[in-house]
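Let's take a walk through a protein model, starting with the whole chain and ending at a single side chain. Keep the viewer open as you read.

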Amino acid sequence: MKKISILIGIIALTTINSCAERVIVNREVESKNDGKMLLGTQTLDQFRKEPYKVWFDEEYNRYQIDQQTFPELKKEKLNSYNLVVFVGSWCEDSQREFPRLIKILDALKYNTDKMQIIAVNRKKESPAGEEGLYNISRVPTIIVKKYGKEIGRITEMPETGYLERDLLNILKKDNSGLFK
């Protein structure tokens, strides 16, 4: 009887493992028109490699964080939120806003393990289809989530002209609902 239980356990584990979806991380593709481009789930390290490193480092180093907004943003505890960021490594807006976001997150000491980065092609598609789940039509799109629920997003460019101000507005709006 004990051998049968062990055998059933092994079969169950084998079945579960064979059904699990494999997520490919840091996929890179090449096209005639765009050259190398990132596609699907990415790690932050991927943007610090060639050819992405050129535009990433340039914008990251050039950007000056808004010092009026930053202390207030720090008080709002962005670390208690998750971020989902859709980017196009081929997209000028993504090449500008994504490094700026990372510079802000670094200054806040944000735990980037709480951030999911998904790169899309020119049709705004990813291999696993996450763009449909989040209704993505433009990049970059930065989605702020709390307890798995979207509480706000920044699409393409910040409305205020500064990512940190838009993030602060999203967090303040969420936090103002706590004390009603």
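What follows goes from the overall layout to one strand, then to a helix and a lysine.

First off, this is a predicted model, so treat every value here as computed from it. The protein chain has six helices and six strands. Trace it along the sequence and you get the pattern α-β-β-α-α-β-α-β-α-β-β-α. Of its 180 residues, 42% count as buried. Take the contacts in the chain with a separation of 6 or more: residues 24 or more positions apart account for 64% of them.

Now pick out strand E3, residues 82-87. Five of its six residues are buried, so the rest of the structure largely encloses this strand. Who are its partners? E3 is joined to E5 by five bridges, with the two strands running antiparallel; look for Val 84 standing opposite Ile 143 in E5. Five bridges also join E3 to strand E4 (residues 115-119), but here the strands run parallel. In that pairing, Phe 86 stands opposite Ile 118 of E4. To get from E3 to E4 the chain passes through H4, and this β-α-β crossover is right-handed.

Next up is helix H6, residues 163-176. Which residues of H6 are buried? They are Leu 163, Glu 164, Asp 166, Leu 167, Leu 168, Ile 170, Leu 171 and Asn 175. When reading that list, remember that an α-helix has 3.6 residues a turn, so residues three or four places apart point the same way. The buried residues of H6 pack against helix H3 (70-75), helix H4 (92-108), E5 and strand E6 (149-155).

That brings us back to E5, which covers residues 141-146 and includes Lys 146. Is this lysine buried or exposed? Its relative accessibility is 15%, and the cut-off for buried is under 20%, so Lys 146 counts as buried. Leaving aside residues up to four places away in sequence, Lys 146 touches Ser 80, Tyr 81, Ile 151, Asp 174 and Asn 175. Asn 175 is one of the buried residues of H6 that we listed above.

Note on methods
Residues are numbered from 1 along each chain as its sequence is written. This is a predicted model: local features need pLDDT of at least 70, side-chain atom pairs count only at pLDDT 80 or more; totals for chains, interfaces and linings use all residues. Side-chain values use heavy atoms; hydrogens and water are left out. Helices (H or I, at least four residues) and strands (E, at least two) are DSSP runs, numbered from the N terminus. Buried means under 20% relative accessible area, exposed over 50%, partly exposed in between (1.4 Å probe, protein chains only). Contact means heavy atoms within 4.5 Å. The expected span of a helix is 1.5 Å times one less than its number of residues. Two strands pair if DSSP finds at least two bridges between them. A crossover is right-handed if, with the strands pointing away from the viewer, the path from the first strand over the helix to the second runs clockwise.
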